[in-house]
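These are my notebook entries on a structure that I looked up. I began with the backbone and then turned to the sheet.

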Amino acid sequence: MILLDNVYKTYSAGNTAVDGISLRIAKGEFVFVVGPSGSGKTTLFKLLLKELEPTSGAIYMNNQNIRRLKKSKIPKMRRGIGVVFQDFRLLKDRTVYENIAFAERVVGKSAKYIKKSVPQLLETVGLSDKGDSFPDELSGGEQQRVALARALANNPPVILADEPTGNLDPDNAWTIMQLLDEINKRGTTVIVVTHNHEIVDRMHKRVIAMEQGVITNDTAENKPIDPAILSKISDMDVLPDDITGEEDLGVTMVEAGTLRRLNLSKYEDVLDTIAKVTDSDTDVIDYGITDGIGAPSSQNGSSDDAALSQEQDANDQEGGDA
Ligand SMILES: Nc1ncnc2c1ncn2[C@@H]1O[C@H](COP(=O)(O)OP(=O)(O)O)[C@@H](O)[C@H]1O
Ligand SMILES: [Mg+2]
């Protein structure tokens, strides 16, 4: 699970690329991130990869604040995230096979493991017959499939793809997206930055729209939680009482039809309780809650503005890097 809690990133030039983002992505989700050039999408990815540190706010991966990771643990954290770029970034002087094998070798996989794994990965991306080719001998679409196989090499629970179809024609773009969809269906969390609206519209996934460093829309946020779950939750005494007006909070929550303010990691235990009471498997309930929360929607006066500002007060009291 990935959680961003009020994250800001200002570059040294004084350029604020990420301007207060709170976001929860459940394990196994498929998420598109869209937005104009310069809106902060790549910065967001770099923050997730810990290539950059937030100026303030916190990022959690599986409940671990990644700022607090020991240096020695960072490579392992990064190995848990497969990355795909617009420009493929393959090693030009190595074969397709070697490009993938290399990714496994650097993390210490055995020759025996590699020999078994690389052909499987090539099969996944439909390139079983291209192992001996060099990147220059492949089409763009094929090169991106190799890059995808390489990203999958160490079985990462998360794939980040930054405009993976930006250099591809529509057919190849669609093939890549379908592969990402298949990978997601096997349980991998997939986050894709794209400008390809046709594909986004066609795939019916969660879409997070960014502009100037903020989230301007998150389709998950607009989807109400299953009413059956909501009615069970509304009877429960699980809401944190250290924010403000705990009963109001519960009522507001139900009236608003969302669990918007539970997007802080400290409410993990609340999610667990909800899962138990509603007899849901944690992933399902987790997803349901993700359906209801997300970053605060932009300023337009929604009915739960009051609740939202309570949440922000709570954030302020936490003092940023909790
Ligand atoms: N290394 C950097 N130093 C200073 N400003 C940067 C740097 N990288 C990106 N920016 C700026 O941050 C903003 C967001 O950039 P980026 O995250 O690359 O956006 P996107 O991927 O959505 O196009 C832009 O205004 C960009 O100019
Ligand atoms: Mg970018």
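Where does E163 lie? I first noted that the model is predicted. I then found E163 in the loop between β7 (158-162) and α6 (170-185).

**Entry on two backbone angles.** I looked up phi for E163 and read a positive value of about 50°, although E163 is not a glycine. I kept in mind that most residues other than glycine have a negative phi. Next I checked the surroundings of E163: it counts as buried because it has 20 C-beta neighbours inside 10 Å, and the cut-off for buried is 20 or more.

I found a positive phi in F88 also, near 65°, and F88 is a residue other than glycine. F88 lies in the loop between β6 (81-85) and α3 (96-105). I counted F88 as buried because 22 C-beta neighbours lie inside 10 Å.

**Entry on the sheet.** I traced six strands in an open sheet with mixed pairing, in the order β6-β7-β8-β3-β9-β10. β6 and β10 (214-218) stand at the edges with a single partner strand each, so one side of each has no neighbour in the sheet. Neighbouring strands are turned by 20° against each other on average, direction ignored.

I then examined β9 (residues 206-211), which runs antiparallel to β10 and is joined to it by four bridges. E211 has V214 in β10 as its bridge partner.

**Entry on the helices.** I saw that α5 (residues 140-151) packs on the sheet and touches β6 and β7. The direction of α5 makes about 165° with that of β6. Helix α6 also packs on the sheet, touching β3 (30-34), β7 and β8 (189-193). I recorded about 155° between the directions of α6 and β8.

Terms used:
Residues are numbered from 1 along each chain as its sequence is written. Chains are lettered from A and ligands numbered from 1 in the order in which they are written. This is a predicted model: local features need pLDDT of at least 70, side-chain atom pairs count only at pLDDT 80 or more; totals for chains, interfaces and linings use all residues. Helices (H or I, at least four residues) and strands (E, at least two) are DSSP runs, numbered from the N terminus. A residue is buried if 20 or more other C-beta atoms lie within 10 Å of its own, exposed if 12 or fewer, and partly exposed in between; C-beta atoms are placed from the backbone. Two strands pair if DSSP finds at least two bridges between them. Axes are lines fitted to C-alpha atoms, for helices over the stretch in contact, and angles run from 0 to 180 degrees between N-to-C directions. Two residues are in contact if their C-beta atoms, placed from the backbone, lie within 7 Å.
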